[in-house]
Amino acid sequence: MLIQMDGTPDRNLSDLQLESVNVQPASDRLPSQPLGTLMSGTIGDAQMNGHPPEPLKRMSRSGRNLQQAQETIYQFLLEIVKKWPPEEVLLEFKRLFFYHVETTSSSAIPAIYEIVFSNNEEEFRNTLKRSCYILVNNWDASRNFKPIQELVETFEDSSLDLHTVSPTLKRLRAWIDHFRKSKDYQELKLFTSRYDESSQGSWSNRYTSYLLVPQYIDLANPIEQREAARTLSMQLKDKFKFNLAMYIAKSQSATSPERLPKNPTALGDNVLQLIKTIVAKRGPFSYANLANIFINQTYQLSYKEFKHELKRYLILSVDGTGSIGTLRSRLSEKLDPLYANYDYELVNDALILRTCNRIIEHLTTENRKDPSPLFVLLVSQGSPITLVIMLLKLILICKNSRTHLEAQIAELIHYYERFQEDECWWVVNFLEVFNVTFAIYAENVQYNLIKMDKAQEPLQIPKTQQNLDTYRVFSQLKRDVVLEAPDESEPADIDSEKPE
């Protein structure tokens, strides 16, 4: 069951059980085979049959079936995108949606006319969106990325602003202009991020992998859009992990500075020290081991006892004595009254999922618009690592909260992207630390510290810069990683209930 972030009130615990059942892993792994293979070589063909059975019949004013007109357009685009060169597909797309002139299909233009004549702008926008993502999905599956960028750029065509006396074309261009100014177009532009990373665009472009998450958890979006967003998000994460591993390896070698690969972070040389600090937590003190201990020790507790232990677990090893008291009191204020009706019931997966999601919101944004007071407090006072580690601890005990966390991160980015980078550098610093930490601990690459000075004592938990300087960081692919194909009926594990 996909739970959307719609802000609905809490439901009964019997409803909660559905949230933890059939929830796909929050790591959102890509399928082991290419997306094109997954869709049997015809991206979009399966989607054509992905609508609910017996859909409601939407009739245009002329009495013709509006859905039939939309399906005609989708099938036409599916046919040509699999057979034609991208430049010819783009030309047909513009003829169809921009210029309203004859295409190679005898039925596509009448179908567009039917939608325009119905005077239903919402259905036109839905048709336009899905058409775009049919093309994006197919080109992405064939690793043909340049046409995706060109598709987005076609909406900037100056000819769309020219005056016309044709009422049909005038209405069509007005709707296209509304689309260009909408959130839908901004979401489409995210698919050009692979080209924008080195440009002078917004600093938020570096975090497109998170900005895409709200697209693929929203069931209101076409399935083509959700699949494209999920695929690109994972591609960008994999690219970051690879570039980070290459940079760390080369930066510790005798490679000349001019031959070093580009640092994929905005942390400069501090990224190496950050990684050493994080990886140094190993053995019985590793975050993964502490999470396993917590899970095993709380399995048979009541929910009230679980909440008490959760506070202790989250605060354990928090750096900075000044932060501990504030964190403990803020967490108590949130946790103690949370789902109090179930305090004396045994804790279960559904309650753990919802509780972790509520704490994630408390640490990031509680209304999906503004940063939470605790987020501002921790990040503005120079404690991003404290906040990041607390978020990591939550994911290590409840992996199904991962997508919810990433959606919350996307909301924070949207809030701060209106500011220049130097005006919110402390938020950017948090995002960088978050990105690196989760690439190390919650992904399929394992980082290790290797002592280079054999005269030193074996590494336990280095407490000084000098200790860490005697070690080098090495990375390798985890051997036990299994990539699972996502359940397309449940593209996210978002728990939508608001905290009490």
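I looked up Tyr113 first: at a relative accessible area of 38%, Tyr113 is partly exposed (buried is under 20%, exposed over 50%, partly exposed in between, with a 1.4 Å probe and protein chains only). Phe117, at 40% relative accessibility, also counts as partly exposed.

I noted that the model is predicted, that local features need pLDDT of at least 70 and side-chain atom pairs pLDDT 80 or more, while totals for chains, interfaces and linings use all residues. Residues are numbered from 1 along each chain as its sequence is written, and side-chain values use heavy atoms, without hydrogens and water.

I then placed both residues in helix H6 (residues 108-117), four residues apart, about one turn of the helix; helices are DSSP runs of H or I with at least four residues, numbered from the N terminus.

I next searched for ring pairs, meaning rings of Phe, Tyr and Trp (its six-membered ring) with centres within 6.5 Å; planes under 30 degrees apart are stacked, over 60 edge-to-face, and the rest tilted. The count came to 25 aromatic pairs. Tyr113 and Phe117 have ring centres 5.7 Å apart and planes at 15°, so this pair is stacked.

I turned to Phe155 and Tyr185, whose centres lie 5.5 Å apart with planes at 55°, so the pair is tilted. Phe155 lies in the loop between helix H8 (146-153) and helix H9 (167-180), and Tyr185 in helix H10 (residues 183-189), 30 residues apart. Phe155 is buried at 0% relative accessibility, and Tyr185 is buried at 2%. Both belong to a cluster linked by ring pairs, whose members include Phe93, Phe124 and Trp175.

Conventions
Helix = DSSP H or I, 4+ residues; strand = E, 2+ residues; numbered from the N terminus.
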